[in-house]
Amino acid sequence: MNDRMLIDGQWTEGESGRRIEVRNPATGEVFAAVSEGDAGSIDQAVAAARASFEDGRWRDLPPATRGKILWRLADLLEANADEIARLETSNVGMPLVMAHYQVSAAAEALRYFAGWATKIHGRSTELNNGFQRHMGYTLREPVGVVGAIVPWNAPLLMVAWKLGPALAAGCSTVLKPAENTPLTALAFGRLALEAGIPAGVVNVVPGYGATAGAALAAHMDVDKLSFTGSTNVGRELLRAATGNFKRLTLELGGKSPFIICEDAALDEAIGAAQMAILANCGQNCSAGSRLIVHRSVYDRVLEGVAAGARGIPQGDGLDPASQIGPLVSQKQLERVSAYIESGKAGGATVVAGGERLDRPGYFVQPTVFADVAGDLAIAREEIFGPVLVVSRFDEVDEAVAMANDTDYGLASYVWSQDAKRPHQIARRIRAGTVWVNTALAIDPSLPVGGFKQSGWGRENGPDGIEAYLETKSVIAAI
Ligand code: NAD
């Protein structure tokens, strides 16, 4: 297991000598400790990234070579999938099958962006405003040194979604994983070197948000910052980025609506609604946390999701019987528990769950609330836990209004067997993703990102590579 930071191709302890303890959320026990990076470590990592960018050791490689190396990195991730998935499960708590899926999804994202390396083109144009015998063309160039700050809920996959396109574009990178889940990011750094990415192009500095994260966000020599995490921190990063007007991609929170119409395939819809809120114990930015159900099927759906919440096997992610694990940390357990208590105090009805589990680790029961007043925090704020709020509607217009009645706009779900209706609804929902008669299906070819306070910009798809490029116009007399 790699437990030191990676700067300029070297595994280093960091000047402070301090370490961050890493816990297994299924037991609460410390099972590793990694070097703690601070502002000084970030300075060193940014300097290494800058040097590697300026001397062209990566950006000036033939694009096909960059693509082949990224593909090799994807292969290495898969060849080490057992080790990496176990690290992810031990550190995040997600079931091992889900951790394996995330390793595959990370590898597929790298392969998708490996393909983009050879498809980054400018355009040529004739000048037509009086400059005769001139021509112009555009160059697409890597944006430069990229800072990537990733969260703890899907640590490896978020690394691939950021470093995949950044590296395909020819950028050099400094990655700061979340303080509590650094292990798979460090493994990624090791495999990046093994794949042949030159020293200094991928630097990995574990550290706290307020120190290492803030230093990276404010750094005057970082050209682009890509962040996934909470909306509040996103707001701070906006301010931090003003120093040098660094480019920003922000993938922030959500409170995503899941609409079930009266003509939905109900059994499937109930199963999907359950998965949309319970996958990764609700710690998913696209979790379907607001279930909005047509009055005529409301009782059946409520009963179905509540029974599902009561019956789902919960336990240590390393136990193959577990379909959901614990929350990631004591802090998250307290946060989610406080939301549940605030819902009860606000008069909402607990239809399932509502308590912590009486066992070691950070376990809370999957919880379903009904009869929730619209202004309660559980109806409006991102809980990031297995907590579902169910409400009913009569007319489609009402469902759309309820879906859009949020500060967020990351994802949404629509269930109806009508040929046209879900697509009509999809057009009216202000969110970056609409899943129609499915849930949480993702693909690197499709952009992910938010409307409103869910963020700025998109990751994945063609937009994902754009986010790491600058455009330069060249105008020449001929
Ligand atoms: P967070 O936003 O604080 O942490 C995400 C990342 O940002 C971590 O790497 C962290 O170290 C870093 N960070 C924190 N403060 C920073 C700062 N001032 N400058 C730079 N980097 C900083 O999230 P959290 O506190 O771990 O979780 C709180 C809530 O955020 C969750 O309950 C959830 O609602 C939300 N969240 C959302 C996502 C998402 O994918 N949208 C992911 C994680 C958390």
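This is a predicted model: local features need pLDDT of at least 70, side-chain atom pairs count only at pLDDT 80 or more; totals for chains, interfaces and linings use all residues.
1. Ligand shell. The ligand is surrounded by 27 residues, and the closest are Val150, Trp152, Glu179, Ser230 and Arg335. Sorted by class, this shell holds 13 nonpolar, eight polar and six charged residues.

2. Polar contacts to the ligand. Glu179, one of the closest residues, places a polar side-chain atom 2.6 Å from an oxygen atom of the ligand. In the side chain of Glu236, an N or O atom is 3.0 Å from a nitrogen atom of the ligand. Leu252 takes part through its backbone: one of its polar backbone atoms is 3.0 Å from a nitrogen atom of the ligand. On its own the ligand has 800 Å² of accessible area, and the protein covers 91% of that. Two or more shell residues come from each of helix H7 (209-218), strand E10 (224-228), helix H8 (231-240) and helix H11 (330-345).

3. Ala218. This residue lies in helix H7, one of the elements that give two or more residues to the shell around the ligand. Is Ala218 buried, partly exposed or exposed? Its relative accessibility is 38%, so Ala218 counts as partly exposed. From C-alpha to C-alpha, Ala218 is 22 Å from Pro155, and the two are 63 residues apart in sequence.

4. Second largest pocket. The volume of this pocket is about 190 Å³. Its lining consists of Arg290, Ile292, Val372, Gly374, Ala379, Arg380, Val389, Ser391, Met402 and Asp405. Strand E13 (288-294), helix H12 (377-380) and strand E16 (387-393) are the elements that give two or more residues to this lining. By class, the lining residues divide into five nonpolar, two polar and three charged.

5. Largest cavity. Three cavities of 30 Å³ or more turn up when the whole structure is searched. The largest has a volume of about 90 Å³. Of the 14 residues that line the largest cavity, Ala287, Ser289, Glu382, Ile383 and Phe384 lie nearest its centre. Its lining has six nonpolar, six polar and two charged residues.

6. Second largest cavity. Here the volume is about 60 Å³. The lining is made of 14 residues, with Pro257, Thr406, Tyr408, Gly409 and Ala411 closest to the centre. At least two lining residues are supplied by strand E12 (256-260), and at least two by H13. The classes in this lining are seven nonpolar, four polar and three charged.

7. Thr406. Thr406 is among the residues closest to the centre of the second largest cavity. Where in the chain is Thr406? Thr406 is in the loop that runs between helix H13 (396-404) and strand E17 (411-415). Its relative accessible area is 11%, under the 20% limit, and Thr406 is therefore buried. The Thr406 side chain comes to 3.0 Å from the backbone nitrogen of Tyr408. Tyr408 is likewise among the residues closest to the centre of that cavity.

8. Arg50. Helix H1 (residues 39-54) contains Arg50. Although Arg50 has a charged side chain by class, its relative accessible area is 15%, so it counts as buried. Which side chain does the side chain of Arg50 contact? The partner is the side chain of Asp223, in a polar contact of 2.8 Å.

9. Most residues other than glycine have a negative phi. Asp8 sits in the loop between strand E1 (5-7) and strand E2 (10-12). With 36% relative accessibility, Asp8 is partly exposed. Asn460 also has a positive phi, near 75 degrees. The loop that holds Asn460 lies between strand E19 (455-456) and helix H15 (461-466). Is Asn460 buried or exposed? Asn460 is buried, because its relative accessible area is 1%.

Definitions and conventions
Residues are numbered from 1 along each chain as its sequence is written. Side-chain values use heavy atoms; hydrogens and water are left out. A residue is near a molecule or strand if one of its heavy atoms lies within 4 Å of it. A polar contact is a pair of N or O atoms within 3.5 Å; within protein, one must be able to donate a hydrogen and the other to accept it, and residues adjacent in sequence count only if both atoms are side-chain atoms. Accessible areas come from the Shrake-Rupley method with a 1.4 Å probe; for residues, only the protein chains shown count as cover. Helices (H or I, at least four residues) and strands (E, at least two) are DSSP runs, numbered from the N terminus. On a 1 Å grid over the protein atoms alone, a cavity is a set of points where a 1.4 Å probe fits but cannot get out, and a pocket is an open set with protein on both sides within 12 Å along at least five of seven lines; lining residues have an atom within 4 Å of a point. Grid points are joined across faces, edges and corners, and a volume is the space filled by probe spheres set on the points. Buried means under 20% relative accessible area, exposed over 50%, partly exposed in between (1.4 Å probe, protein chains only).
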